Every structure is written in structure tokens, then in C-alpha cells.
Amino acid sequence: MTEPQPTEPRRILIVDDEAGFTRLLKITLEGTKRYIVKEENDGSQALATARQFRPDLVLLDIVMPKMDGGDVARQIGSDPILKDVKIIFLTAIVSQREQAGLDGIGGVPFMAKPVSLAALTAMIEETLG
């Protein structure tokens, strides 16, 4: 019998203008040993960072200065290198109660802030398949 091979950690890019939030989320997700995480706190730099990092998934804030999450998502979706990258919006503009009745924002799954690790990792795994 052969032993199952360990799976490669998934690469996640967090794009949010709140540096404290991205840092805490990075430490928490990397603590699971299932993810390699990079932070970007400037929405206008998100595309360049994603092209360099090549994430499997982007956790993307919607409301940010300079460039909002919707614009970042469109840039990623139209980039030939990144077009298959999955996105989950993280937002404080929808409450957790309101989230229960919605499937997504523009077809993109989302979570209301604050997020729990269990709920977030479940959504990440579901989104990545």
C-alpha cells in the first residue's frame, strides 16, 4: 500500500486596506498549515501582486480607497494569467444575518466581516473544490 501524498498548500492572496485585519488573517490561515498567504493592502497594487504571487484564491475586500474590490475582481477576471483564479469577497457592508439570504455579489461568493476561521476555511475549500 502506498501512503497518500500530502497535498500542496493552496496559495491565497488577501486584498484589504486594513493591514491589521490582513495580518491577523494571514497568521490564522497559515496556522492551519493548508495555505500559503500573501497580503496586499493597496487595491491598486492587487493585480501586480496577484500576477507575481499566482494565487489559487483571492480574499478581496469590497470597499477600499484608490480601487474598490469590484474593479480588482474585474481586472483579475480579464487577465489571461489570472482569469481562473477564484475570488471570495469579504465585506463589512453586509451583515452576517443579511448574508444568509444571498448567494453572492455579482456571482462571486462573499462573507460578512467579522469572519470565523471555521466558516472561512469551509468557504475557501468549497470555492477551490
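Analyst: Two residues are in contact when heavy atoms of theirs lie within 4.5 Å. Please keep in mind that this is a predicted model.

User: What does Phe53 touch, leaving out residues up to four places away in sequence?

Analyst: By that definition of contact, Phe53 touches Arg11, Ile12, Leu13, Ile36, Val37 and Lys38. Lys38 is 15 residues from Phe53 in sequence, while the distance between their C-alpha atoms is 7.7 Å. Phe53 itself belongs to helix 2, residues 46–53.

User: Why does Phe53 count as buried?

Analyst: A residue is called buried when its relative accessible area is under 20%. Phe53 has a relative accessibility of 7%, and therefore it counts as buried.

User: Why does Thr121 count as buried?

Analyst: The cut-off is again under 20%. Thr121 has 10% relative accessibility, so it counts as buried. Thr121 is located in helix 5, and its contacts beyond four places in sequence are with Leu29, Arg34 and Tyr35.

User: What span should helix 5 have at 1.5 Å a residue, and what is the distance between its end C-alpha atoms?

Analyst: The expected span is 1.5 Å times one less than the number of residues. For the 12 residues of helix 5 this gives 16 Å, and the end C-alpha atoms are 16 Å apart, so the two values agree.

User: Which residues of helix 5 are buried, and what puts them on the same side of the helix?

Analyst: The buried residues of helix 5 are Leu120, Thr121, Met123, Ile124, Thr127 and Leu128. Around the axis they cover an arc of only 160°, which places them on the same side of helix 5. On the face turned away from that buried side are the exposed residues Ala118 and Glu126; exposed means over 50% relative accessible area. Just after helix 5, Gly129 has a positive phi of about 80°.

User: How do you know that the buried residues of helix 1 line one face of the helix?

Analyst: In helix 1, the buried residues are Phe21, Thr22, Leu25, Lys26 and Leu29. Viewed down the helix axis, the buried residues of helix 1 fall within an arc of 130°, so they line one face. Gly20 and Leu24 are exposed residues on the face turned away from the buried side of helix 1. Helix 1 comprises residues 19–30, and its span of 16 Å from first C-alpha to last is close to the 16 Å expected.

User: What do the buried residues of helix 1 pack against?

Analyst: They pack against strand 1 (10–15), strand 2 (35–40), strand 3 (57–61), strand 4 (86–91) and helix 5 (117–128). Helix 5 lies across strand 1, strand 2, strand 3, strand 4 and strand 5, at about 155° to strand 4.

User: In what order do the strands form the open sheet, and what makes a strand an edge strand?

Analyst: The sheet contains 5 strands in the order 2-1-3-4-5, with parallel pairing. Strand 2 and strand 5 (110–112) are the edge strands, as each pairs on one side only. Neighbouring strands of this sheet are turned by 20° against each other on average, direction ignored.

User: How do you know that strand 1 and strand 2 pair?

Analyst: Pairing requires at least two bridges between two strands. Strand 1 and strand 2 have 6 bridges, in the parallel sense, and therefore they count as paired. Arg10 stands opposite Tyr35 in strand 2.

Conventions. Residues numbered from 1 in each chain as written. Predicted model: local features only at pLDDT ≥ 70, side-chain atom pairs only at ≥ 80, totals over all residues. Heavy atoms only, no water. Helix = DSSP H or I, 4+ residues; strand = E, 2+ residues; numbered from the N terminus. Buried < 20%, exposed > 50% of the residue type's maximum accessible area, 1.4 Å probe, protein only. Arc of directions from axis to C-beta. Axes fitted to C-alpha atoms, helices over the stretch in contact; angles between N-to-C directions.
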